[in-house]
There are 2 protein chains.
Amino acid sequence: MSDQPRAVVLLSGGLDSSTALAIARRQGFDCHCLTVRYGQLHECEIEASRRVAEALGAAEHRVFALDLAPLARSALTSPDLAVPKDRPLDQIGAEGDVPVTYVPARNTVLLALALAWAETLGARDLFVGVNVLDASGYPDCRPAFVEAFEDLANVATRAGVEGARIRVHAPLIEWSKAEIIRHGSALGVDYGLTHSCYDPGPDGGACGRCDACRLRRKGFDEAGVPDPTRYSARP
Amino acid sequence: MSDQPRAVVLLSGGLDSSTALAIARRQGFDCHCLTVRYGQLHECEIEASRRVAEALGAAEHRVFALDLAPLARSALTSPDLAVPKDRPLDQIGAEGDVPVTYVPARNTVLLALALAWAETLGARDLFVGVNVLDASGYPDCRPAFVEAFEDLANVATRAGVEGARIRVHAPLIEWSKAEIIRHGSALGVDYGLTHSCYDPGPDGGACGRCDACRLRRKGFDEAGVPDPTRYSARP
C-alpha cells in the first residue's frame with residue numbers, strides 16, 4: 001500500500017476533471033477516482049474516464065451507477081430535451097443564465113458520493129474539476145458552492161465529529177479553459193483521451209457545436225495547443 | 001393538480017420520517033415522498049415506507065435505487081459487520097460515539113437526491129426526520145448538519161441563483177423519541193405501519209435488541225403509548 005495520502009477524485013473523463021486528477025497526482029496524492037454513470041446520454045464519457053485514470057496513474061478507478069434521470073430533468077438526461085447548439089460564445093456562461101444542460105443538484109450528488117467513499121477510505125481530500133469562468137452558468141460550479149460543500153462535509157461526517165478537516169479542492173475553479181489546458185499540458189495530460197461533448201455522434205466523435213465543444217475548442221485556440229479532439233463524421 | 005405548495009419528504013418507513021411526513025401534511029404541503037433503497041440490509045423499511053406514504057396521503061411516492069454498499073462501509077450495508085445488540089441506553093447516542101451502524105455520508109447523499117427532485121418538481125421545501133437526541137451519535141443527524149445542508153442547497157441550485165429560498169425542515173431534530181411519538185400520535189400516525197429495526201428476523205419482525213429497537217421501545221414507554229411493534233419470533 002502506498003504511504004501517500006489518499007484523495008478521492010471525481011472524474012468525468014472530460015478535460016476539466018482529467019486536469020484536476022493530474023494536479024492531485026502532482027500534489028502527491030494516491031488518487032481514488034470515482035466516475036458516476038448518472039444517466040447522462042453521452043456515455044462515451046465513461047470510456048474516456050477509464051483511459052484517463054489509467055494514463056494518469058490512478059490508484060483505483062470505480063464507476064458507480066445511479067440513474068438520476070427520474071429525479072433530475074435535464075438535456076443531459078432526458079432525450080426529449082435538445083442540447084443547445086451553436087450558441088454565441090459570449091452567451092455561454094452568462095451570469096444568471098442556467099442552461100437546459102444543467103442537471104439539478106448533480107454536483108451535490110456527485111460530491112456526496114465522493115464524500116461517502118472518502119470516509120470509507122480514510123481520505124480527507126476530495127478533488128473536483130468544476131470551473132466557474134467557462135462553466136455555462138451552472139450554479140454548482142461556483143466557488144460559493146465548493147465552500148458550502150466543504151463546510152457541510154466537515155459537519156456531516158465522522159471526521160467532522162473527531163475534529164479532522166476535510167478539504168474540497170477545486171484547483172481549476174478560477175481558470176479559463178485555455179489556462180486549464182496549459183496547466184494540464186505541462187503536467188502531461190493527453191487531452192486526446194478525454195471527452196467533453198454533450199451530444200456525440202454515433203461514432204463517438206464530438207459534435208463541435210454544443211456549449212461544451214465550443215468552450216473546449218476556444219480553449220485550445222487560446223492556449224495555442226493543437227486540438228486533439230476527434231470530431232464526429234456526422235454532418 | 002393540487003394548489004398546495006410541494007415538498008419533498010425523505011421517507012425511510014421508520015418512526016421518525018413517518019412523523020416528519022405527518023407534520024409536512026399538517027403544514028399543508030403536497031408531499032412527494034422519496035425512499036432510497038441504498039443497499040440497507042433491512043429492506044422491510046421499503047415496504048413500510050409504501051404503507052406509510054399511502055396512509056398519510058402522500059401525493060406521490062418514489063423508491064429510488066442506489067447501492068451505497070460499495071462506497072460506504074457500515075453495519076447497515078455490509079453483512080460482515082455485526083449490528084450491535086443490547087447496548088445500555090445511556091451509551092446509545094453518547095457524544096462522540098459514532099457507531100458501526102453509521103453509513104458514511106448517507107444523509108448527505110439522501111438530501112442531495114431529494115434536492116435534485118425538488119428542483120425538478122419546483123419544490124422549495126425538503127423534510128427530513130433526523131433527530132439529534134436519540135440519534136445514536138450520527139454526525140449527520142445534528143442541527144449543524146441540517147443548517148449546513150440548507151446553506152449548500154441555496155448556492156447549489158437554480159433556485160439559489162434566482163434568489164429563491166430553499167428550506168430544509170427537520171421538525172423532530174430536538175425532540176426525544178417520546179415527544180416524537182406523542183406528536184405523531186396526535187397527528188394520526190399509525191406506528192404499527194412503520195419499521196425501525198436494523199436487524200429484523202426472517203419473518204420481518206423487529207429484533208428488539210439493536211439501538212433502533214431499544215430507542216423505539218423506550219420512546220413508547222416514556223410516551224405512555226402502547227407499542228404496536230411486531231417483534232420477531234426468532235429467539
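This is a tour of a predicted two-chain model, stop by stop.

**Before you start**

Residues are numbered from 1 along each chain as its sequence is written, while chains are lettered from A and ligands numbered from 1 in the order in which they are written. Because the model is predicted, local features need pLDDT of at least 70 and side-chain atom pairs count only at pLDDT 80 or more, whereas totals for chains, interfaces and linings use all residues.

**Stop 1: both chains**

Show chains A and B together. A rotation of 180° with 0.0 Å of shift along its axis superposes chain B on chain A, with an RMSD of 0.0 Å. The two copies are thus related as by a two-fold rotation axis. The superposition is by least squares on the C-alpha atoms of residues with pLDDT of at least 70 in both copies.

**Stop 2: chain A as a whole**

Select chain A and colour it by secondary structure. Chain A has seven helices and five strands, and from the N terminus on they run β-α-β-α-β-α-β-α-α-β-α-α. Here helices (H or I, at least four residues) and strands (E, at least two) are DSSP runs, numbered from the N terminus.

The radius of gyration of chain A is 17 Å, close to the 18 Å that the globule rule gives for 235 residues, so chain A is as compact as a globular protein of that length. That radius is taken over C-alpha atoms, and the rule is 2.2 Å times the number of residues to the power 0.38. Along its principal axes, the C-alpha trace of chain A spans about 55 × 35 × 30 Å.

How much of chain A is buried? Buried residues make up 54% of its 235 residues. A residue is buried if 20 or more other C-beta atoms lie within 10 Å of its own, exposed if 12 or fewer, and partly exposed in between, with C-beta atoms placed from the backbone.

Among contacts in chain A between residues at least 6 apart in sequence, 75% join residues at least 24 apart. Two residues are in contact if their C-beta atoms, placed from the backbone, lie within 7 Å.

**Stop 3: the sheet of chain A**

Select the strands of chain A. Five strands form an open sheet in the order β3-β2-β1-β4-β5, with parallel pairing. Strands pair if DSSP finds at least two bridges between them. At the edges are β3 (60–65) and β5 (167–169) of chain A, each pairing on one side only. The twist averages 25° from one strand to the next; for such angles, axes are lines fitted to C-alpha atoms, for helices over the stretch in contact, and angles run from 0 to 180 degrees between N-to-C directions.

Now select residues 6–10 and 30–37 of chain A. These are β1 and β2, which pair in the parallel sense over five bridges. A:Arg6 stands opposite A:Asp30 in β2(A). Six of the eight residues of β2(A) are buried, so this strand is largely enclosed by the rest of the structure.

**Stop 4: a helix on the sheet of chain B**

Move to chain B and select β1 and β2. Strand β1 (residues 6–10) and strand β2 (residues 30–37) of chain B pair in the parallel sense over five bridges, and B:Val8 stands opposite B:His32 in β2(B).

**Stop 5: two residues with positive phi**

Select A:Ala105, in the loop between β3 and α3 (106–121) of chain A. A:Ala105 has a positive phi of about 55° although it is not a glycine. Is A:Ala105 buried or exposed? With 29 C-beta neighbours inside 10 Å, A:Ala105 counts as buried.

Next select B:Asp86, in the loop between β3 (60–65) and α3 of chain B. B:Asp86 also has a positive phi of about 55° and is not a glycine. B:Asp86 is exposed, with 10 other C-beta atoms within 10 Å.

**Stop 6: where the chains meet**

Show both chains again. In this interface, 36 residues of chain B are in contact with 36 residues of chain A. On the chain B side, the elements that give two or more residues are α3 (106–121), α4 (143–156) and α5 (158–161). Helix α3(B) gives the most, with 10 residues. By class, this side has 24 nonpolar, six polar and six charged residues. Ala, Val, Leu, Ile, Met, Phe, Trp, Tyr, Cys and Pro count as nonpolar, Asp, Glu, Lys and Arg as charged, and the others, Gly among them, as polar. Of the interface residues of chain B, 100% are also interface residues in chain A, so the copies meet through the same surface.

End at B:Ala148, in helix α4 of chain B. B:Ala148 is buried, with 24 other C-beta atoms within 10 Å. Which residues of chain A does B:Ala148 touch? They are A:Asp151, A:Leu152 and A:Val155, not counting residues up to four places away in sequence.
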